[in-house]
Each structure stands twice: as structure tokens, then as C-alpha cells.
Amino acid sequence: MSSQRRVITGYSNPTVKALRSLRDKKHRKREKKFLAEGLRLLTDARECGQIPETLVLADRRETHPLLTALENAVDASGGEVIETTPDILSKITGKENPQAVAGVFTEFDTSLEALKRDTSKIWLVAQALRDPGNLGTMLRTGDAIGAGGLILIDDCADPFSVEAVRASMGAVFTQAIAQTNWQEFEEWLRQGPGQLVAASLREAHPYRGAPYSAPCFVMVGNESRGLPEDYELACDLRVTIPMRGRADSLNASVAAAVLGYEVLAALDTGD
């Protein structure tokens, strides 16, 4: 198969409007597609077997072997390659100084049933996480610690927003993502092995030296409210991270990273 190639020079082109609309959650959900920007991020996607169905290139760009490989992959998959001006690419991505390439991908299956808990010793869980930057950072952390993926509970930010995808630095393509509510998650978790761990002040162990076990599901709560009390009480293990300054808590994504690395070290030592 060979790709279709087009040149677009007008802001009012229907394709430009359709691509711009993917910055809006309502349109993303309707089309079940999302945008990703940048050669590094799209290369990560390609190396994970995810090829954009539409590749948008700035017409004034430097040649690069990774970009050539990306174009060849889209060609081979029968996707579409569009060349346009940097200004129009900026309109599409919503970034004043866009990178020279962006891609459109089909959203992944985000059902709990698609997860395979035995593929990793660690999973990250976020409840009502509202900031897309924090969400993207948690995906990036999950990739760094070898987590199986990120489970989003209740009303979380959209993992396929431009901001979350950008903040993930490519981890949106390496990490499984599930979207669900607390009741469904708890029922799913208890159907198989899995230790649910949360940062807490309620009858909590020090986070270092706590009795972690695999597969370990590390849960953090909303940026301002933390976890609901009943969610904390339902956890198998509650741990506390010491605060030695004036701050009384860590950023949600930072807390996930601190706990994730401690769990990783504990489980690796136990092997």
C-alpha cells in the first residue's frame, strides 16, 4: 500500500478544521482519535508499533533519518501524509512554536478488561487527577519504573489530550491505559492477585521498608483533595512519605514517582 500525499496552504481547509478539532475532548471522543506532536514522540510511537493514520509535516523542515523512517512507515501502512505551512501546523497543534511534524492516532482500548495484570509487578492508579500535565508525567514515570500502565479512576483528565500526550514524552504509547470508576476498579482488582497501596496518614507504615507485594497497584488521589477516606480504608496497605519542610504533601505525580521507585526497589530485592 502507498500513502496519499496532499499539500494544504489554506487555514479554512476542512482537513485543517478537523485536525484542530482534535484538541477538543468532545471531538476526540466522537472521532476516537488524538493528536501527537514532535519527531521524538512519533518515533517512540513507531518503535512501539503505533503508526499515525495521518502525518502532518511542515513544508519548511530539515531532513532527518527518523523523519524519513516515519514517512516510510506511514507510506507502508497506507496512511495519509499532509504538507502544510508552519503557521497552519501551529493552528492545528495549538502551540506557538510547533515542531515540524504531528500525527493523528486512533485512541486505544481503555477498558479494564484489556489489562493483563501479570505483565508487570507495578501498576499506577490515579483517582480524580485533573491536571493533564500530571497525568502525562505519571505515564512517563510508569514507563521509567517498568509499570504495566496507568489506571484512571473517576473524573480524571483526558489521557489523549494534546497536553497529556506531550507531557508523557512518548509514554502514552508504551503504557496501557484504563479508564473506569472506583466500584468497577475495586471489583476488577479483587478478582485476581493485586495489592492496593496508597499514601496516607491513617494507620500508615513508613513508605520505606513497607511490606509491598506484586502485583502492586500504587494509588494517588486528586491534586487538592487527595483520596476519599473510604478509598484509603479499602487499600491493603497505607504508607506515609515524610515531609521535612513546610510542605504537608507532594505533587500527585511526584508522590507516585517516589512510591513507584520504592516499590520497584523492594520487589526487585525480593526476587
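Student: Which strand is joined to β3 by five bridges, and in what sense do the two run, parallel or antiparallel?

Tutor: Strands of a sheet pair through backbone hydrogen bonds, in either a parallel or an antiparallel sense. In this predicted model, β3 is joined by five bridges to strand β4 (residues 80–84), and the two run parallel. A58 has T84 of β4 as its bridge partner.

Student: Which helix belongs to the β-α-β unit of β3 and β4, and what is the hand of that unit?

Tutor: The helix is α4 (residues 65–77), and with β3 and β4 it makes a right-handed β-α-β unit.

Student: Which strand runs antiparallel to β3?

Tutor: Strand β5 (residues 101–106) runs antiparallel to β3, and four bridges join them. Within this pair, T54 lies opposite V104 of β5.

Student: Why is β3 described as largely enclosed?

Tutor: The criterion for a buried residue is a relative accessible area under 20%. Five of the five residues of β3 (residues 54–58) are buried, so the rest of the structure largely encloses this strand. Both faces are covered, with T54, V56 and A58 buried on one side and L55 and L57 buried on the other.

Student: How many residues of strand β6 are buried?

Tutor: In β6 (residues 122–127), six of the six residues are buried, so this strand too is largely enclosed by the rest of the structure. I122, L124 and A126 cover one side, while W123, V125 and Q127 cover the other, and all are buried.

Student: With which strands does β6 pair?

Tutor: β6 pairs in the parallel sense with strand β11 (residues 216–220) over five bridges, and A126 is opposite V220 of β11. Four bridges join β6 to strand β7 (residues 149–153), again parallel, and V125 has I151 of β7 as its bridge partner.

Student: What is the strand order of the open sheet of seven strands?

Tutor: The order is β8-β7-β6-β11-β9-β12-β10, with parallel pairing. The edge strands, each pairing on one side only, are β8 (176–180) and β10 (205–206). Within the sheet, strand β9 (residues 195–199) pairs with β11 in the parallel sense over four bridges, and L196 is opposite F217 of β11.

Student: Which strands does α6 touch where it packs on the sheet?

Tutor: α6 touches β6, β7, β8 and β11, and its direction makes about 170 degrees with that of β6. Helix α8 (residues 182–189) also packs on the sheet, where it touches β6, β7, β8, β9 and β11; its direction makes about 135 degrees with that of β7.

Student: Where is K25 placed, and which residues does it touch?

Tutor: K25 lies in helix α2 (residues 25–31). Its relative accessibility is 42%, so K25 counts as partly exposed. Leaving aside residues up to four places away in sequence, K25 touches C156 and D158. K25 and S161 are 136 residues apart in sequence, yet 7.0 Å apart in space, C-alpha to C-alpha.

Conventions: Residues are numbered from 1 along each chain as its sequence is written. This is a predicted model: local features need pLDDT of at least 70, side-chain atom pairs count only at pLDDT 80 or more; totals for chains, interfaces and linings use all residues. Side-chain values use heavy atoms; hydrogens and water are left out. Buried means under 20% relative accessible area, exposed over 50%, partly exposed in between (1.4 Å probe, protein chains only). Two strands pair if DSSP finds at least two bridges between them. A crossover is right-handed if, with the strands pointing away from the viewer, the path from the first strand over the helix to the second runs clockwise. Contact means heavy atoms within 4.5 Å. Axes are lines fitted to C-alpha atoms, for helices over the stretch in contact, and angles run from 0 to 180 degrees between N-to-C directions.
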